[in-house]
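Subject: Structure handover

Hi,

Here is the structure I promised to pass on. Please open it next to this email, as the notes refer to individual residues.

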Amino acid sequence: MSRSALVGNVTAMLEDAGFAVSDRCAIRPKSFDVAARRGRDLLLLKILANVDAFDDATGLEMRRLGDYLNATPVVVGLRTRDEDLEPGVVYFRHGVPVLSPDTAMELFVEGMSPLVYAAPGGLYVNIDGDVLRDEREDRDWSLGRLASELGVSRRTVSKYEDGMNASVEVALELEEMFDGDLTSPVDVLDGAEEVREGDPTPEDPEPESDDERIVTVLTRAGFEVHPTVRAPFKTVSEDNSSEENVLTGHSAFTKAAEKRARIMSSIGEVAQTRSVYFVDKAKRESVDGTGLVEREELEDIDDPDELRDLIRERGEKPA
């Protein structure tokens, strides 16, 4: 299957599941392909045939964007190396959860969260330690008795009851032993924090030299500005007075800039943010809801509230 067809299939699946899906980010560089929202859940999705193409820099950017936009970064892919991704398993690449299309279908359409995740050494599950302890005590088994039955140390059983995860083989043995469900699902939509690899959200990158003026003006107006590296917008800026997010871009107003502004508008509609594009000259005030502000206008604004009002006014879509 071509990547384009895969993106189309995943997008259709999300729409069938009730998600509003943005236009595809058909520009470079790009850290994600589409944004999708259903209720309070916002996803930033990278869709790849081979997930080995998902590199560390893209993972870092997606994790930062997830933090800025209160979104869950997700990769949907078909295979790694020469092996298909297993259905019902969450993989991780650079701290971002990775799902096969079948797993994504089960999660988003059928509401079935995966129980298994891949980590160095094999496949693992989350053991519900409280349930395991209750089952053991109901049978009046000591830690040592259960450890002997499993062929592990008493310390290992104690760790299971304290929340340490177990291999699939051990989990199956425990469930057969106690004739019940002892596992809990991987909460992908909350970022799978309890099992994902990687450090806390990476620090913001430094703004590029041609971004510094825009960052300075927005910061002076009371925005907390987060530069990006591989997104279809230059910054995500949070208005500290209203807690609204604004996607921003800037360049000469070319055909490419117009295309980027349209994508920003589509993403902003799904992510529930405003978007603004700073340009040298423009013959109109917006592109599909992305406000256009000339640099000269920006330079003339001293009042932070005036800038906020201008961004809101230019970014209003016509009725």
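Below is what I found, from the whole chain down to single residues.

Overall picture

Keep in mind that this is a predicted model. The chain has 319 residues, and 50% of them are buried. It contains 11 helices and 17 strands. Along the principal axes, the C-alpha atoms fill a box of roughly 75 × 40 × 35 Å. The accessible surface is about 15,400 Å². Carbon and sulfur atoms hold 44% of that surface. Among contacts with a separation of 6 or more, 59% link residues 24 or more positions apart.

Cores

The largest nonpolar core has 55 residues. Phe-32, Leu-146, Leu-174 and Phe-233 have the most contacts inside it. Helix H9 supplies the largest share of this core, with seven residues. There is also a second, separate core of 25 residues, including Val-7, Leu-14, Ala-17 and Leu-99.

Phe-32 deserves a look of its own. Beyond its neighbours within four places in sequence, it is in contact with Cys-25, Leu-44, Leu-45, Lys-46, Met-62, Leu-65, Pro-232, Phe-233 and Ile-267. Of these partners, Phe-233 is also on the list of residues with the most contacts inside the largest core. Ile-267 is one of the buried residues of H9.

Helix H9

H9 covers residues 255-271. Does its length fit a helix of 17 residues, or what span should we expect? At 1.5 Å a residue, the span should be 24 Å, and the end C-alpha atoms are 24 Å apart, so the two agree. Its buried residues include Ala-257, Ala-261, Ile-263, Met-264 and Val-270. Glu-258, Ser-265 and Ser-266 are buried too. Just after the helix, Gln-272 takes a positive phi of about 60°.

Strand E2 covers residues 34-38. Four of its five residues are buried, so the strand is largely enclosed by the rest of the structure. E2 pairs with two strands, described in turn here:

- E1 (residues 20-21) runs antiparallel to E2, joined by two bridges. Val-21 stands opposite Ala-36.
- E3 (residues 41-50) runs antiparallel to E2, joined by five bridges. Ala-35 has Leu-44 as its bridge partner.

Leu-44 is also one of the contacts of Phe-32. The hairpin of E2 and E3 has two residues between the strands. Within that hairpin, Gly-39 takes a positive phi near 65°.

Arg-136 lies in helix H4 (residues 129-138). Is it buried or exposed? Its relative accessible area is 8%, so Arg-136 counts as buried, the cut-off being under 20%. Leaving out residues up to four places away in sequence, Arg-136 touches Trp-141, Ser-142, Leu-143, Leu-146, Glu-161 and Phe-178. Leu-146 is one of the residues with the most contacts inside the largest core.

An unreviewed UniProt entry lists residues 132-189 as "domain: HTH cro/C1-type". In the model, that stretch is 59% helix and 7% strand. Its end C-alpha atoms are 25 Å apart.

Ala-119

Ala-119 is in strand E8 (residues 116-119). Its relative accessibility is 24%, so it counts as partly exposed. Its C-alpha atom is separated by 7.5 Å from that of Phe-92, 27 residues apart along the chain.

Best wishes

Notes:
Residues numbered from 1 in each chain as written. Predicted model: local features only at pLDDT ≥ 70, side-chain atom pairs only at ≥ 80, totals over all residues. Heavy atoms only, no water. Expected span 1.5 Å × (residues − 1). Buried < 20%, exposed > 50% of the residue type's maximum accessible area, 1.4 Å probe, protein only. Core = buried A, V, L, I, M, F, W, Y, C linked by side-chain atoms within 4.5 Å. Contact = heavy atoms within 4.5 Å. UniProt positions renumbered as here; feature names shortened; annotations may be inferred. Areas by Shrake-Rupley, 256 points an atom, 1.4 Å probe, with all protein chains shown as cover. Pairing = 2+ DSSP bridges.
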